[in-house]
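Subject: Structure handover

Hello,

The sequence and structure you asked for are below. My notes on them follow.

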Amino acid sequence: MGLCFLAMARFLGSIMSDYLFEEKLAAERTGLETLAVRLAPFLRDGDTQSLAAILREEASDGSTRLLLTDESGEVRIDTGESMTGWKLNNAYLDHVLIGGMNADSAVIDANGKMVNFGRVLFADLSGEKWQAYCVAAVVWDSRVLGAAVLEADAEGILRTFGQMRDRSVLIFGAIALAALIASFLFAGVLSRPVGELTGGIQHMAGGDFSTRVRVRGNREMRQLAAAFNTMSEKVESLDQSRNQFVSNASHELKTPLATMKIMIESLIYQPDMDKDLRTEFLTDIDREIDRLNAIIGDLLTLMKTDSRSEKLKNEPLSLADLCHETEHRLLPIAEQKHQHLVLNMKDKGEMTGDRSKLSQIIYNLMENAVKYTQENGVIRVILERNGKTVRLTVSDNGPGIPKADLSHIFDRFYRVDKARSRTVGGTGLGLSIVRQLVALHGGTIRAESVEGEGTAFIVELPLHQENHA
Ligand SMILES: Nc1ncnc2c1ncn2[C@@H]1O[C@H](COP(=O)(O)OP(=O)(O)OP(=O)(O)O)[C@@H](O)[C@H]1O
Ligand SMILES: [Mg+2]
């Protein structure tokens with residue numbers, strides 16, 4: 001690339017000096033033409049003295065030599081004096097003398113040969129004697145009386161232009177080199193954040209989710225790095241909650257298994273065990289199996305709703321009917337605890353949705369209220385319509401949930417009172433299932449609680465049937 005640039009610089013420099021040289025010669029030609037007009041009346045009158053005075057005045061700066069010939073080409077006046085009386089024999093002079101007005105110019109090399117511009121300007125000038133000639137006809141009354149000839153030392157001019165050309169090549173070269181270095185440096189600066197990001201991605205791919213990259217570079221790079229960091233934070237937290245979930249799930253599954261193992265071993269190794277104790281053990285084993293079944297069922301529900309592999313049904317239903325059905329299912333337990341189940345259905349809650357999933361939402365919330373509220377407690381279920389949504393509130397006057405726990409109760413396996421929950425048989429999956437099922441229906445759920453006073457769960461669901469009508 002650098003070489004290309006240098007070649008281009010040399011070519012441009014040559015064109016430039018070529019142009020300037022031509023301009024210079026053209027100026028000399030014009031000057032000579034004007035001089036020829038001035039000389040014409042004196043040449044007609046044969047006033048050699050005046051002619052010599054004019055020519056000497058014009059050549060007084062010493063850089064040029066002026067000659068005046070008659071129409072035959074014989075030199076009448078020479079400011080250099082050595083050629084006076086000589087007859088010039090030059091094709092250019094003939095051309096002007098025969099052709100008339102037009103001035104002409106040429107560059108003649110040391111051997112007297114005319115040189116074309118291309119060669120002149122690319123030539124090595126050292127040690128050569130170059131002359132530039134301009135010839136202009138001296139005309140009076142449409143008659144060529146003679147010719148004015150200007151001889152200038154072209155070497156100096158050409159050398160100056162040559163130096164200019166070389167200097168421009170040097171300047172262009174320096175610029176090219178600087179641009180080349182700058183582009184290398186710039187490419188390095190640009191590619192460094194990309195390299196860092198690539199490294200980060202490779203670390204992530206290798207399983208290190210704690211990888212973060214520095215946010216730097218241009219705006220797009222910074223956005224990319226920030227997006228990468230957000231993504232890796234999310235992946236890390238997902239990975240942590242997955243590990244937590246797996247360890248919780250195995251713990252929950254192992255506990256009933258361990259209990260069952262102890263009881264079964266007792267039954268095996270004590271064949272003459274009391275009949276009543278044996279029945280009690282078998283009943284306990286049966287309950288543990290139910291518990292295992294329930295946990296596995298809950299886990300499967302969570303998995304299905306998590307991966308969204310299960311299609312949501314879209315059937316017309318009444319939420320009020322579902323509340324009544326749930327009330328019937330829970331009534332025996334509530335009655336055992338002398339609790340009051342109060343249903344206040346302000347709206348029928350007609351909507352479209354998945355009947356069994358909506359039923360599970362209501363059941364889990366009402367079951368919790370019955371389960372955690374003390375004897376003689378009151379459980380209220382309110383259903384009301386609010387524009388295009390329906391609101392279900394399940395509240396109780398139970399023990400309430402401490403503030404610190406309230407934000408965690410929708411987490412998987414989270415239970416406020418671990419020891420007590422075991423006696424009432426919970427696994428801590430109920431509310432996380434509820435939250436997932438509500439979200440699947442495009443709704444929201446929140447919990448409000450005052451310790452010692454009670455808890456309320458508020459579910460807002462969109463009435464899908466309006467959209468499908
Ligand atoms: N109405 C409520 N009053 C007081 N605490 C509650 C109430 N509902 C839920 N909780 C607390 O929130 C925890 C989480 O409830 P969640 O329904 O998720 O699990 P669980 O009832 O313990 O078990 P599961 O529902 O899976 O059988 C419960 O363990 C309990 O401590
Ligand atoms: Mg529950």
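Which helix supplies the largest share of the shell around ligand 1? The largest share, four residues, comes from H9. Some conventions before the rest. This is a predicted model, in which local features need pLDDT of at least 70 and side-chain atom pairs count only at pLDDT 80 or more, while totals for chains, interfaces and linings use all residues. Residues are numbered from 1 along each chain as its sequence is written, and chains are lettered from A and ligands numbered from 1 in the order in which they are written.

Ligand site

There are 22 residues around ligand 1, and Arg-415, Val-416, Gly-426, Gly-430 and Leu-431 come nearest (a residue is near a molecule or strand if its C-beta atom, placed from the backbone, lies within 6 Å of it). Helix H9 (355-372) and helix H12 (430-440) each give the shell at least two residues. By class, the shell has nine nonpolar, nine polar and four charged residues (nonpolar: Ala, Val, Leu, Ile, Met, Phe, Trp, Tyr, Cys and Pro; charged: Asp, Glu, Lys and Arg; polar: the others, Gly among them).

Overall fold

The protein chain has 13 helices and 12 strands; these are DSSP runs numbered from the N terminus, helices being H or I with at least four residues and strands E with at least two. Of its 469 residues, 25% are buried, meaning that 20 or more other C-beta atoms, placed from the backbone, lie within 10 Å of the residue's own.

The sheet

Five strands make an open, mixed sheet in the order S7-S9-S10-S12-S11, where strands pair if DSSP finds at least two bridges between them. Strand S7 (340-345) and strand S11 (444-450) are at the edges with a single partner strand each, so one side of each has no neighbour in the sheet. From one strand to the next the twist averages 15 degrees. S7 runs parallel to strand S9 (residues 378-386), joined by six bridges, and Asn-344 stands opposite Ile-382 in S9.

Helix packing

Helix H8 (residues 319-336) packs on this sheet and touches S7, S9 and strand S10 (389-396); the direction of H8 makes about 175 degrees with that of S7. Angles run from 0 to 180 degrees between N-to-C directions, and axes are lines fitted to C-alpha atoms, for helices over the stretch in contact. H8 also packs with H9 at about 35 degrees, with their axes 9 Å apart. The contact between H8 and H9 has 11 nonpolar, two polar and three charged residues.

Regards

Definitions and conventions:
A residue is buried if 20 or more other C-beta atoms lie within 10 Å of its own, exposed if 12 or fewer, and partly exposed in between; C-beta atoms are placed from the backbone. Two residues are in contact if their C-beta atoms, placed from the backbone, lie within 7 Å.
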